Amino acid sequence: MYAVSDRFLARLAESHTPITTVQLLLTNGRTVDLEHTGGSVSVDRGQAIRRTCSVTVADPSLIPRTPADQLATYGAQLRISRGVEYGNANDIELVPIGVFRLDDVDGDVNEGPVTLIGKDVSAIVADDKLTAPHTATGTVVSAVTALIQRSIPTAAVVSTITDQGIGKRTFDVEADPWAACQEIAAGAGAEVYCNPDGVFVIATLPDLATATPVWEIKAVEGGVYVKANRGMSSSGVYNGVLARGENTAENVAPVKYLATDADPNSPTYWSGPFGRRPMFYSSSTLTTTAACQNAATLKLAQAKAPNATGDISSLPNPALEPGDVLRVQHEDGSRELHQVASFSVPLDLGGDFPIATISAKEDA
């Protein structure tokens, strides 16, 4: 979760006035504060581009009409925040919820409204397809950083993983460099994403079994709980991943590792009634058994069925991040731990705050 004060989290459960800000960063260096009437920021770990936004504004002058307008708008960015007011306009706390490349501007040229659509700045990397072969070498962090800064030379890249070497991997013309970043990071059991500040992060997914919950959603007076659904499905579920690597360019012998759901209490236990349902992953960046183990473990966490899945609606918390672990207490007093998969932050005052989860388990 984005770093916020205890006061902020407590305020979310109280009657308060949400504050949202949208800034348009034009290519000519100007920053425009946009008066907006609605919109949302969607955050989804399951998508290649994790954060997207839609902003509604009343002013039709934002629609570019002249070449100068187009030059200033195409390539512009949006910086969006949401927070709370503590009693007056001078006492507020804002949380960034994304920096976005502005992709679409559309609306009635005479009366408005105008809708602005954007994707987080990882889209700049993804769209900069390779026009010449690119060879990734060295370590996970250096190889990922090189691909990101190839497209955005000033990009900040932060790593929270233990770095490790990779096998040489050549990506061909037309390849997606953002997908290449994900492939390289998988060798360290990590993923790459753009955080709310527009900083690129290389990190591992927190372990639901050991992570400390960052927020409590309780169905009690003064709590932020609205409603919850639960369910299970075996469609598209795997309980084993065989990761393999072979690098003939460096004369490295084939290596492999099979990661399986080894929890006898899990509904997808490898040796249980669910049966064995393996999936397969290979990359020439994997040159050691340890690297294969990291990749297989990461892919298994994404592919296996959780003990339960859930969708929770609460009062909005813009500080949440995918992967955060939440403690949920239902109306009957039962408690669960949920791991955040996706959510949508509203830019207006109404509506629920639905949170889809990666996995969930009973909380003692």
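What share of the 364 residues in the protein chain is buried? I looked this up before anything else. Buried residues make up 46% of the chain. I note here that the model is predicted.

**Entry: overall make-up**

I went through the secondary structure of the protein chain and found six helices and 21 strands.

**Entry: the cores**

I looked for nonpolar cores next. In soluble globular proteins, nonpolar side chains tend to be buried together. The largest nonpolar core here has 36 residues. The residues with the most contacts inside this core are L24, L34, V41, L78, I80, F343 and I355. Which strand gives the largest share of this core? I found that β6 does, with four residues. I also noted a second, separate core of 31 residues, which includes V99, A123, L147 and W178.

**Entry: strand β3 and its partners**

I followed strand β3, residues 36-44, to see what it pairs with. Strand β4, residues 51-57, is joined to β3 by seven bridges, and the two run antiparallel. One of the residues I checked in this pairing was S40, whose bridge partner in β4 is S54.

I then checked β3 against strand β20, residues 335-346. This pair also runs antiparallel, with five bridges between the strands. S42 has S344 as its bridge partner in β20.

**Entry: an open sheet of three strands**

I moved on to an open sheet whose strand order is β16-β15-β17, with mixed pairing. Why is one side of β16 and of β17 left without a neighbour in the sheet? Both strands, β16 (252-260) and β17 (278-282), stand at the edges and have a single partner strand each, so one side of each has no neighbour in the sheet. On average, neighbouring strands of this sheet are turned by 15° against each other, direction ignored.

In the pairing of β15, residues 240-247, with β17, I found the parallel sense and five bridges. Here V241 has M279 of β17 as its bridge partner. I also looked at what lies across these strands. Helix α6, residues 289-303, lies across β15, β16 and β17, and it runs at about 35° to β16.

**Entry: R101**

I picked out R101, which sits in strand β6, residues 92-107. Is R101 buried or exposed? Its relative accessibility is 16%, so R101 counts as buried, the cut-off being under 20%. I looked for a polar partner and found D103: a polar contact of 2.7 Å joins the side chains of R101 and D103. Leaving out residues up to four places away in sequence, I listed what R101 touches: A76, Q77, I117, G118, K119, V121, A123, I124 and D127.

**Entry: cysteines**

How many disulfides does a search of the whole structure find? I got zero. C53 is buried, at a relative accessible area of 4%. C194 counts as buried too, at 1% relative accessibility.

Terms used: Residues numbered from 1 in each chain as written. Predicted model: local features only at pLDDT ≥ 70, side-chain atom pairs only at ≥ 80, totals over all residues. Heavy atoms only, no water. Pairing = 2+ DSSP bridges. Axes fitted to C-alpha atoms, helices over the stretch in contact; angles between N-to-C directions. Contact = heavy atoms within 4.5 Å. Buried < 20%, exposed > 50% of the residue type's maximum accessible area, 1.4 Å probe, protein only. Polar contact = N/O pair within 3.5 Å; in protein donor to acceptor, adjacent residues only side chain to side chain. Disulfide = S-S within 2.5 Å. Core = buried A, V, L, I, M, F, W, Y, C linked by side-chain atoms within 4.5 Å.
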